Amino acid sequence: MSGICGILHLDEEPIDRALLEKMTAFLAYRGSDANDLWIEESVAFGHCLLRTTNEAVRERQPYTLDGETYITADARIDGRETLIPRLQAKGCEVTTKDPDSALILHAYRVWGEGCLEYLLGDFAFGIWDGRKQRLFCARDPFGIKLFYYAHLGNCFIFSNTLNCIRCHPKVSQELNDRAIADFLLFDLNTDLKTTTFADIQCLPAASKLTLEAGNLQQKTYWTLPIPEQIRYKKATDYLEHFRELMGLAVKDRLRAENASIFLSGGLDSTAIALAAVEGVTSLNLKAITVGYERLIPDEERDYAQLAAKALEIPSTYLRADDCILYQGWDKSELHFPEPRHAPLALITLKQLQRAARHSPIVLCGQGGDEALKFSTVAEMLPGMPLKNIAVDVVRCLLFYNLQPAWGSGFLGQIRRWQGKQPQLPSLPPWLNPDLVERFDLNARWERFQQPSANGFHPPRDRAYQSLQPTPLWNLNFVAYDPGTTQIPVEVRLPFLDLRLLDYLLSLPPLPWCADKTLLRLALRGKLPDPICQRPKTPLAANPVCAHFKNQQATLLQNFTPSSQLKAYINPQKWQEVLSCKMSTWQTWRNLRPISLGYWLEGFKHPF
């Protein structure tokens with residue numbers, strides 16, 4: 001989770017060393033183990049290193065192999081046991097002790113831009129190729145690591161931290177009003193290539209960027225594969241294959257002595273914890289659980305403590321009841337780089353602060369729900385032989401006591417034939433009419449309410465679609481990134497390991513994806529039955545809405561829409577809406593102006 005930055009002057013103007021030092025110093029909170037610069041006339045890199053792997057003990061960046069090609073990277077490379085022999089076979093003098101940045105640079109030296117086909121893991125990097133006078137940058141397939149840039153005339157600036165780029169005097173403070181309109185409509189900017197700032201762009205997930213002879217090219221280098229379905233003869237083979245790949249994914253993310261895990265007591269995080277305890281020797285693992293005791297019904301603490309006790313993991317519990325809406329938003333720690341609708345963000349901040357006391361590494365179960373998303377029998381029909389479907393349905397009924405989901409597509413089609421379309425929610429009435437007209441937000445709203453036009457990929461279409469790089473995934477990664485939290489902790493997601501995902505997407509939907517049977521059986525005998533049999537249930541209520549009922553009057557008294565916020569909303573209509581009775585969804589939507597208002601007050605002073 002190191003901090004990286006770079007500047008390239010296309011007109012060969014010399015780099016201002018003091019400016020590069022300022023940008024690199026801004027990144028210090030991301031990595032305090034080393035701070036280095038590299039400058040060569042019109043190109044320069046900065047790096048703040050946080051050592052999170054055993055191989056990084058002697059690492060220094062920016063790094064070079066030959067004095068011609070340099071790299072600055074925020075990276076963790078997995079599958080080293082496969083990559084290193086491949087590099088050695090190509091004549092590279094590389095060993096298992098080399099840091100990940102060296103492996104990337106060796107791979108680039110051997111395969112050029114094609115090196116991305118051989119790199120597993122989470123990464124964002126910039127490489128300057130002095131021989132070709134070319135800048136080559138890339139972001140990992142899911143975009144877990146962030147990468148921003150500004151291309152202003154003859155100046156190109158990049159970093160994995162948005163506010164670092166804003167340190168450069170050529171980058172204006174002009175806002176991208178379309179991104180802000182999207183935030184008020186959808187909670188996020190739906191354009192993966194832009195940011196809230198007009199001058200700053202975002203490199204999307206699975207993308208590479210090259211800048212050579214003044215020509216900038218950006219391409220997608222990876223798409224989620226559609227693997228062939230696996231049909232093992234024995235059920236135990238499915239479980240053993242899963243345990244092997246989960247163990248590999250977790251082990252690659254724990255190349256250090258200490259780590260934390262966000263343990264909810266659910267199947268996803270518990271499966272990761274089990275793999276860590278069984279597969280990584282001499283690991284000092286600690287669990288962190290967040291839950292509610294009074295505000296809403298919540299069983300997370302009980303299940304998490306049961307799992308931690310069974311796995312003999314020390315655990316800590318953070319009670320979220322006492323955090324109130326927008327608590328701490330007037331402090332610099334919660335001045336986000338871009339608007340964020342997270343009224344209870346202080347809870348996440350405390351969670352990460354607790355993790356940082358123990359280790360810069362924390363494991364998280366995100367991705368499990370998506371990778372094992374179920375399919376109905378109707379959805380399997382176009383992509384599976386009828387014989388296999390029949391066999392799997394019978395097995396579910398006879399051996400697993402599972403009732404398959406048959407699907408309601410036929411009834412839905414009849415309703416569409418009859419013209420009975422579901423009624424769409426209306427555009428927020430408090431939006432500024434000028435904003436609505438400028439960006440034709442009525443049409444934009446209606447378009448985004450329509451079903452996705454993505455291709456159909458039976459029989460695992462729901463899982464496939466939910467794993468696509470989307471603005472929502474990007475929002476999740478941004479929320480945990482140190483560029484947002486200002487806490488030197490790297491959140492790692494074993495379920496998004498490409499090797500494990502390829503296997504999970506190749507599973508027959510029945511029985512393995514129905515009610516997460518794969519995880520339940522993989523945990524059976526290793527963890528208490530209440531965890532293995534725990535039903536999949538969301539929180540009993542939305543904590544934001546519960547808090548709003550308790551503090552509505554105080555919240556509105558303490559918040560006054562600024563003149564800048566009035567450019568985006570109509571305060572009178574907004575206050576009228578808030579005085580009416582609201583559903584959970586309406587409460588959440590109508591709080592967005594407060595989130596934006598706080599951000600507008602603080603965004604001008606990030607440094």
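Two strands pair if DSSP finds at least two bridges between them. The legends below describe close-up views of a predicted model.

**View 1. Strands β11 and β12 are joined by 6 bridges.** Strand β11 covers residues 207–212, and its pairing with β12 is antiparallel. Within this pair, Lys-208 is set opposite Lys-219 of β12.

**View 2. An open sheet is formed by 6 strands.** The strand order is β4-β5-β6-β7-β11-β12, with antiparallel pairing. The edge positions belong to β4 (63–64) and β12 (215–220); each has a single partner strand, so one side of each lacks a neighbour in the sheet. Strands of a sheet pair through backbone hydrogen bonds, in either a parallel or an antiparallel arrangement.

**View 3. Strand β6 pairs with β5 and with β7.** Buried here means under 20% relative accessible area. Strand β5 (residues 69–78) runs antiparallel to β6, with 10 bridges between the two.

**View 4. A hairpin is formed by β6 and β7.** There are 4 residues between the two strands. In the turn, Gln-133 has a positive phi of about 50 degrees.

**View 5. Arg-492 lies in strand β17 and is buried.** Strand β17 consists of residues 490–492. The relative accessibility of Arg-492 is 1%, which is why Arg-492 counts as buried, the cut-off being under 20%. A polar contact of 2.9 Å links the side chains of Arg-492 and Thr-52. Leaving aside residues up to four places away in sequence, Arg-492 touches Thr-52, Arg-76, Arg-253, Leu-254, Ile-361, Val-362, Leu-363 and Cys-364.

**View 6. A nonpolar surface patch contains Val-394, Leu-397, Leu-398 and Phe-399.** Together these residues have about 440 Å² of accessible area. Val-394 belongs to helix α12, which covers residues 386–399. With a relative accessible area of 42%, Val-394 is partly exposed, a class that lies between the buried limit of 20% and the exposed limit of 50%.

How values were computed
Residues numbered from 1 in each chain as written. Predicted model: local features only at pLDDT ≥ 70, side-chain atom pairs only at ≥ 80, totals over all residues. Heavy atoms only, no water. Buried < 20%, exposed > 50% of the residue type's maximum accessible area, 1.4 Å probe, protein only. Polar contact = N/O pair within 3.5 Å; in protein donor to acceptor, adjacent residues only side chain to side chain. Contact = heavy atoms within 4.5 Å. Patch = residues over 30% accessible without salt bridge, like charges linked within 9 Å, V, L, I, M, F, W, Y side chains within 5 Å. Areas by Shrake-Rupley, 256 points an atom, 1.4 Å probe, with all protein chains shown as cover. Salt bridge = Lys/Arg side-chain N within 4 Å of Asp/Glu carboxyl O.
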